[in-house]
Structure formats: C-alpha cells, structure tokens
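Thank you all for making the time this morning. I would like to walk through one model with you, going from its helices to its cores and then to a few backbone details.

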Amino acid sequence: MSIELIDRVKHLIEEIKNSKPGTREELEAFRLRFLGAKNELKPLMGEIRNIPDELKKQFGQFVNEAKLAAEAVFEAVKEKVEQAADEAAIQQIDLTAPGEPMPLGSRHPIATTHMNRIVEIFSRIGFTVAEEREIEDDWHNFTAMNTPEDHPARDMQDTYYLKNSTEMLLRTHTSSVQARVMTAQKPPIRIIAPGRVYRNETISARSHCQFHQVEGLYIDEGVSFADLKQTLLYFAKEMYGVNSRIRLRPSFFPFTEPSAEMDVSCFLCGGSGCRICKYTGWVEILGCGMVDPQVLENCGIDSSRYSGYAFGMGIERQAMLLHQITDIRLFFENDVRFLNQFRAAF
Ligand code: DAH
C-alpha cells in the first residue's frame with residue numbers, strides 16, 4: 001500500500017517533469033492540476049497517515065518534490081506561453097481593416113459664426129487682426145479710453161479686479177485694445193480686435209459674466225464719419241446679406257464723439273417686422289463713433305493731425321438672434337448636443 005503510494009508520487013514527479021504546456025489553455029490546465037486550490041498533490045499528502053512511520057519522511061519529501069517540480073515547470077514556460085499568445089493575437093489583427101472612425105469636434109458657434117466671419121470681412125478691406133491681453137490695467141481699459149474715475153463702469157460691481165488690486169482687472173471691453181495699439185503703433189492704424197471680455201453680471205439666460213466682442217479702429221489723416229458709415233454698410237451687407245440696410249442712432253460712449261449705435265435691417269424678416277426684431281424691422285448690432293480727440297492725445301497721437309473712427313460689437317447676442325438661441329449660457333457649457341448643431345453652420 002505505502003509502496004504503491006510512493007510509486008504514484010514518483011510517477012507524478014516524472015509526469016510533471018516531462019510536461020510541456022505549450023498554450024495558455026494547457027498551462028492553465030497544468031496549473032489547476034498541480035498548483036491550484038484543488039490540485040492532485042493535496043489528497044496524496046492526506047494519505048500520509050497510511051504510510052508507516054519510517055517512510056513518512058521520505059513520502060513527504062516526494063510530495064514536496066512533486067510540488068517544486070510543478071512550480072519549476074510553470075515558471076519556466078509561463079513567459080514563453082504568454083508571449084506566444086500575444087504574438088498569436090497580433091497575427092489575428094487584420095491590418096487591412098479600416099480604422100475606427102474618430103469623432104470630429106465642431107467649431108464653436110461663436111468662433112464660427114461671428115468672430116471669424118467678422119474678422120475675415122474686415123481683413124478683406126485692409127484691417128489687420130490685433131489680439132491683446134484679457135488681464136488689463138485700469139489705464140488701458142478705462143483711463144485712456146476717457147472713462148472718468150467716477151464712471152459707474154469702473155465700479156467693483158461691474159468690473160472684475162484682480163485680488164487685492166485696484167489696478168489690474170479683466171478687461172470689460174475690447175476697447176482696451178485701442179489703447180494698446182495706439183500707444184504702440186503710429187498711424188495709419190487699421191485693426192480689428194476679436195476677443196473675450198468679462199463683466200461682473202449675474203448669470204442668466206440673457207447675460208453672462210464672460211462674452212465676446214470685436215473691436216475695430218481706423219486712425220489716419222482725414223478720416224470722417226462718412227468713412228465709418230460706408231465701412232459699416234459694407235460690413236452689414238457682407239455679414240447679413242446684400243439687401244441689408246443700416247441706420248445710425250445718436251448715442252453716447254466716453255471714447256467717441258460723436259457716438260452712435262448701428263442697427264441693421266432685420267436679417268430674418270428683411271425689415272417688415274417679426275419676433276426677432278420685436279416688430280421694429282431693425283436689430284441693434286454695434287456701438288461706434290469718431291475717436292474722441294482726447295483718447296488720441298491720451299495715447300500720444302496728435303489729434304490736430306489725425307482723426308479716426310472706432311466700433312465695437314458683442315458677439316453672443318448677434319449669434320443668438322441669428323440662430324434663434326434663447327439662452328446665452330449654452331455658449332459656455334460645451335454640451336456637444338448643442339455644439340454639434342453648428343457643425344456645418346458656415
Ligand atoms: N466698448 C463698448 C461696449 O463695450 C462698445 C463700443 C462702442 C466700442 C463704441 C467702440 C465704440 O469702439 O466706438 O459697450
């Protein structure tokens with residue numbers, strides 16, 4: 001009986017040493033059989049009580065040898081088998097199969113609709129793009145632009161000042177770029193400045209604390225209001241269709257004199273009156289005017305020699321009217337279900 005058991009262990013040792021598991025499946029079968037929780041060596045070890053005392057030690061050593069042999073085989077082939085399996089998997093890959101389609105993003109409706117188109121329209125008539133900092137100082141944003149110390153726009157309520165600063169702020173309009181350019185360049189100056197601006201507004205469907213503007217500035221000898229009007233008419237026709245008309249209403253801005261607001265004939269109804277234009281036939285698009293001589297002087301430009309015009313417009317409101325978007329917050333949430341609708345807008 002005990003001799004038989006010892007023979008069985010010896011046979012197992014032989015079998016183990018001669019095993020050559022070649023595939024992942026064979027190796028796993030081998031592991032289960034000799035090293036797993038229910039391996040064949042365990043019950044054999046249980047038989048030790050049937051072995052006469054003088055052979056117990058020897059028997060135990062054989063069982064242990066079987067276990068060590070199994071571990072040695074397993075370790076010896078494991079890496080090779082894994083490698084072979086990986087190689088086999090690679091062989092399975094069809095290199096001629098077409099790739100997975102990559103989901104393409106879409107341009108943001110703000111960038112697409114407005115900023116880019118506006119910039120492009122003005123580029124065609126000689127305006128160059130000026131991009132400037134969003135973190136500005138009080139001087140470029142307000143003082144140079146003729147906005148007096150006590151002007152309500154400077155109020156902490158409307159302007160985001162940097163922490164512990166009364167000097168540095170997030171620009172409240174792209175008009176700050178006018179001051180940047182006029183202090184750095186000599187006339188003639190003809191720039192278009194797109195960018196983001198910030199105001200401390202309560203966020204709602206109609207207003208946001210960040211939005212986009214495009215600013216235009218033209219300074220040269222003999223620039224007149226007629227030049228401004230003609231340029232804006234060109235812009236309106238390019239932007240909103242050849243049949244567009246414009247009208248200028250007197251207004252006030254600290255940095256222009258005279259100042260005006262420009263309406264364009266409603267791009268939806270053509271001027272006959274609809275929901276978009278609130279049945280007036282006109283849609284307000286921008287603020288503009290002749291650059292106040294004081295602003296030229298503030299920026300070191302001789303106002304007796306040079307004159308100029310400027311204009312500035314908000315982007316989101318135009319885009320909302322054009323696409324009949326009712327909530328400005330949608331522009332800043334980056335929800336692809338919203339953005340995807342503008343994939344091929346232009
Ligand atoms: N900066 C003005 C605003 O944010 C817009 C504006 C009005 C800009 C008239 C101009 C201008 O350049 O001439 O409301």
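**Helix packing and cores**

Helices α2 and α4 are roughly antiparallel to each other, where roughly antiparallel is the word for angles over 145 degrees, roughly parallel for those under 35, roughly perpendicular for 65 to 115, and oblique for the rest. Before I go further, please keep in mind that this is a predicted model, in which local features need pLDDT of at least 70 and side-chain atom pairs count only at pLDDT 80 or more, while totals for chains, interfaces and linings use all residues. Residues are numbered from 1 along each chain as its sequence is written, and side-chain values use heavy atoms, with hydrogens and water left out.

Let me give the numbers for that pair. The axes of α2, residues 24–34, and α4, residues 53–92, come within 9 Å and cross at roughly 155°. The axes here are lines fitted to C-alpha atoms, for helices over the stretch in contact, with angles running from 0 to 180 degrees between N-to-C directions. As for the elements themselves, helices (H or I, at least four residues) and strands (E, at least two) are DSSP runs numbered from the N terminus. The crossing in which α2 passes α4 is left-handed, a word used if the near helix is turned anticlockwise from the far one by less than a right angle, with right-handed used if clockwise.

Which residues make this contact on the α2 side? They are Arg-24, Leu-27, Phe-30, Arg-31 and Phe-34 in α2, and they meet a set in α4 that includes Ala-70, Val-73, Phe-74 and Val-77, contact meaning heavy atoms within 4.5 Å. By class, the contact of α2 with α4 has 9 nonpolar, no polar and 5 charged residues; in this scheme Ala, Val, Leu, Ile, Met, Phe, Trp, Tyr, Cys and Pro count as nonpolar, Asp, Glu, Lys and Arg as charged, and the others, Gly among them, as polar.

Helix α4 also packs with α1, residues 2–18, and here the axes come within 9 Å and cross at roughly 15°. That angle makes α1 roughly parallel to α4, and α1 passes α4 in a left-handed crossing. Among the α1 residues in this contact are Leu-5, Ile-6, Val-9 and Ile-13, and among those they meet in α4 are Phe-59, Phe-62, Ala-66 and Val-73. The contact of α1 with α4 divides into 13 nonpolar, 2 polar and 3 charged residues.

To finish with this group, the axes of α1 and α2 come within 12 Å and cross at roughly 160°, which makes α1 roughly antiparallel to α2. In this pair, Leu-12, Glu-15 and Ile-16 of α1 meet Phe-30, Arg-33 and Phe-34 of α2.

Now to the cores. The largest nonpolar core has 43 residues, and those with the most contacts inside it are Phe-235, Ile-285, Leu-286, Phe-311 and Met-313. A nonpolar core is a set of buried Ala, Val, Leu, Ile, Met, Phe, Trp, Tyr and Cys residues joined through side-chain atoms within 4.5 Å, and buried means under 20% relative accessible area, exposed over 50%, and partly exposed in between, with a 1.4 Å probe and protein chains only. A second, separate core of 22 residues includes Leu-5, Leu-12, Phe-30 and Phe-74.

Next, consider Ala-193, which is found in strand β4. Is Ala-193 buried or exposed? At 0% relative accessibility, Ala-193 counts as buried, and its contacts, not counting residues up to four places away in sequence, include Ala-130, Val-177 and Val-214. The C-alpha atoms of Ala-193 and Ile-3, which are 190 residues apart along the chain, are separated by 98 Å.

I will end with the backbone. Most residues other than glycine have a negative phi, and most peptide bonds are trans. In this model the peptide bond from Pro-187 to Pro-188 is cis, with omega near 0°, and Pro-188 lies in the loop between α7 and β4. A cis peptide bond also joins Glu-257 and Pro-258, and Pro-258 lies in strand β7, residues 256–265. Asn-146 has a positive phi of about 70° although it is not a glycine, and at 24% relative accessibility Asn-146 counts as partly exposed. Asn-334, likewise not a glycine, has a positive phi of about 55° and sits in the loop between α11 and α12.
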